Amino acid sequence: MSVLTRDEAQTRAQLLDVRRYTIDLDLTTGDETFDSRTVIRFTVRADQDVTDTFVELKPAELSSVTLDGQPLDPETLDENRLPLKNLTPGDHELRVDAAMRYSHTGEGMHRFTDPTDGETYVYTQLFMDDVQRVFAAFDQPDLKAVFELSVKAPDGWTVLANGITEHTDGVWKAAPTPLISTYLVAVAAGPWHSVRTEHRGLPFGIHCRRSLAPYLDADADEILDVTRACYDRYHEKFEEPYPFDSYDQAFVPEFNAGAMENPGLVTFRDEFVYRSAVTDTERQTRAMVIAHEMAHMWFGDLVTLKWWDDIWLNESFAEYMGYQTLTEATRFTDTWTDFGVVRKGWGYDADQRPSTHPVAPEAVNDTASALLNFDGISYAKGASALRQLVAWLGEKDFLAGINTHFTRHRFGNATLTDFIDSLTAATERDVHAWADAWLRTTGVDTLTPRVTGDNGTYTLTVERTGSRPHRIAVGLYDPDLTDEGRLTLRERLDLDIPQTDGRPIGKRPALLLLNDSDLTYAKVRFDPESFRAVRNGLSGLPEPLTRAVVWNALRDAVRDGELPPTTYLDTARAHLPRETDLALVQGVLGFATTQITDRYLAPEDRPAALTTISSLCRDLLRRTEDGDNPGLRLLAVRHFIDVAAQPDTIAAWLADGTVPGGPELDPELRWRVLARLAVLGATDETAIAAELDRDPSATGQEGAARCRAALPDPAAKHTAWEAMFATDDLSNYLFTATAQGFWQPEQADLVREYVPRYYEDAVAVAARRGPAIADAAGRWAFPTHAVDTDTLRLGEECLRDADPIPALRRKLADQLDDLARALRVRQA
């Protein structure tokens, strides 16, 4: 398939004005394909000579094409490009009739049949260049147009689209859209269960498949309350009103992302419809995604990037605004703690790999390259940069610049330069210099304190690696004389880095914490006295966001080989049992289990580490016996299951259907226990099949695939490998579940023969099945447990010789860099 280059997009944008698409889809033609009829009305600009261009589509069968009433030869379709030759200045009409193939990888028009009740659902995910899988298009973001959509659907189905829909005799027509980009067109069709309401005269709806109806109904008030609160808060921040005619949120199956900001029809992964117990932090995450996607209605949909080098303008803005607005408008007031402990780590990790790139890169030459930039840099680092910008600029001027940007570019396209110009109009500060330092550079700065002085008068100097300016808070903490083990905030200083000279801080604090309040994006280090205070008093720090900064600093020190992994575990063992913030517990336990025990410690040290985490979880279980903190107890149960070295306790839980003292084992916990028992060789196919009979849902199918792949049996491993790499039958979710079960540190000897096979087979399946499966193969099917020089060598040879498609190449490069880091940590 030909990918669109930036040069080609710029040339086509200079040539054409695209005015309107009329699209008719027929979803009643069978299980494999649907019919797509498209009329595109466009104009070749008057200053152009007779010229050639092309339209994109990826049909199963191209039936007919006419241009201005004259037939074109369908055989001229070359991969995904249909040439349009000898175009004269003026108006033109292109008609394309084709059969398009349904997808099972979450790309294009995804088709899913619910194993619970046999009902079928389809939905679009057209991001980047997958609109071509659904209808013919001039597929680039700066050729905005009006879209008129009609859909013929089976009886009993509801069709959702970007605008309000009406239906007659099985045909659903959506209201014409305002000017939007091709990748934002959306359809979701099936026998949806819907909850509808209105807010400020605007139709609101939430939708899911019928088998999830009781769970959506249970949470409908919460979801709609968050939606209304964010909608109202954005209207206080933004002068431009919500720019579309309705707001639907559809929770769809087997979705590759967290959500997608289609105007008027946001699609979410339907794991956000919780059918098992979740923590309040997980509810907060769902709320943040709702807030994030709604922010896109302005930044991304109303004003859209001109080319994919400015993807951060979409994602960084929505990420920042989602967390900030949730904090301001809902009961979730500690969202920046979750951002600090989860999202920033994603950004820090991505920014230290060879594949790093600036937040606003200058050389995104084609769509395949652009797809790789949807990572922790475009989201977490970009949002951190915006948070730092607000701290430096002030929120009033920041919002004034944002509103100027919306007014200047509404229903149009904009660039980084346009955005900076809008901010500059609202302030006297040098925003261009700030942007050069923060948005055009790569890497993570490190801030290290140097404290000098005596006789009660000390001075702070901050040493910085990197060249970015930082506005930070510095926390000075002293022992709490009334409560041993607690630290109390003496003072929080504002500091601009680089400093012109040392900053007086008075008497020496027990803990001096740089970036207290987490307003900048940088790694921080401790002076020796502060590190001793952290080891002794971390859980006694008064604010969860402060503790998040400390835990991040410890995490970074482990990854940089400056802090032994066992010291991190010992600190967690000492302080996590007294932690009150669920996001922190989840983040620390997650790093301890997936990174320290599985990667950073040598295999012979792993059992002791698992014992430490198991003991920590037992402490949390004892602490929550009174039922006062069910979320914390649920986290402890989950991680106790995940690190169980012996099957007896968790097998008893499964047999009894409950943990003593609660909770009862819901489907998520039952599959979690069974997966761990499979790893330990304490269950079999009979038990897995029985559990699947008990829970035949889509989630149950994934749980069974995960358990079967985890069985320590050569035949089971062979079957799982063949399913992933020898056939193309697995959907994106079943592929991921199988991959998650396959590699287990406890089974290193059993799966050793598959490590060298992985590279060749991953390259082949990625080439056959495309970017979504390539991403899953690189992320989940990679042998992360195999931390050795042979795995590294084989991977480097693959990158050098095998020519993997870009999506897999990026994943492999990142995995290999993480593997090399793990080797360095072990050696340190």
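Helices (H or I, at least four residues) and strands (E, at least two) are DSSP runs numbered from the N terminus. The structure shown is a predicted model, in which local features need pLDDT of at least 70 and side-chain atom pairs count only at pLDDT 80 or more, while totals for chains, interfaces and linings use all residues. Residues are numbered from 1 along each chain as its sequence is written, and side-chain values use heavy atoms, with hydrogens and water left out.

**View 1. Strand β1 and its two partners, β2 and β10**. Two strands pair here if DSSP finds at least two bridges between them. Strand β1 (residues 16-26) runs antiparallel to strand β2 (residues 33-44), to which it is joined by 10 bridges, and Asp17 stands opposite Thr43 of β2. Six residues lie between the two strands of this hairpin, and among them Gly30 takes a positive phi near 135°. With strand β10 (residues 146-152), β1 pairs in the parallel sense over seven bridges, and here Arg20 faces Val146.

**View 2. The hairpin of β8 and β9**. Buried means under 20% relative accessible area, exposed over 50%, and partly exposed in between (1.4 Å probe, protein chains only). Because five of the six residues of strand β8 (residues 108-113) are buried, this strand is largely enclosed by the rest of the structure. Six bridges join β8 to the antiparallel strand β9 (residues 120-125), with His110 opposite Tyr123. Six residues separate β8 from β9, and Gly118 in the turn has a positive phi of about 80°.

**View 3. Phe135, in the loop between β9 and β10**. Phe135 is buried, its relative accessible area being 1%. Contact means heavy atoms within 4.5 Å; once neighbours within four places in sequence are left aside, the residues that Phe135 contacts include Tyr21, Ile23, Ser36, Thr38 and Phe147. Phe135 is 567 residues from Glu702 in sequence, and their C-alpha atoms are 31 Å apart in space.

View 4. Strand β16 (residues 202-208) pairs with strand β17 (residues 247-252) in the parallel sense over four bridges, and Ile206 stands opposite Gln249.

**View 5. Glu254, in the loop between β17 and β18**. Although Glu254 is a residue other than glycine, its phi has a positive value, near 55°. Glu254 counts as buried, at 9% relative accessibility. Most residues other than glycine have a negative phi, and most peptide bonds are trans.

**View 6. Helix α11 and its surroundings**. In helix α11 (residues 528-537), the residues Ser530, Ala533, Val534 and Gly537 are buried. They lie on the same side of α11, because they cover an arc of only 105° around the axis, the arc being that of the directions from the helix axis to the C-beta atoms. The face turned away from this buried side carries the exposed residues Pro528 and Asn536. The buried residues pack against β25 (487-497), β27 (511-516), α12 (544-559) and α13 (565-575).

**View 7. Two cis peptide bonds**. The bond from Ile497 to Pro498 is cis, with omega near 10°, and Pro498 has its place in the loop between β25 and β26 (503-506). The bond from Gly662 to Pro663 is also cis, with omega near 5°; Pro663 belongs to the loop between α17 (648-656) and α18 (667-679).

**View 8. The second largest pocket**. On a 1 Å grid over the protein atoms alone, a pocket is an open set of points where a 1.4 Å probe fits, with protein on both sides within 12 Å along at least five of seven lines, and lining residues have an atom within 4 Å of a point. The volume of this pocket is about 480 Å³, a volume being the space filled by probe spheres set on the points, which are joined across faces, edges and corners. Of the 27 lining residues, Pro603, Pro745, Ala748, His785 and Ala786 are the closest to the centre of this second largest pocket. The helices α14 (582-600), α15 (606-623), α23 (754-769) and α25 (789-801) each supply at least two residues of the lining, and α25 gives the most, with four residues.
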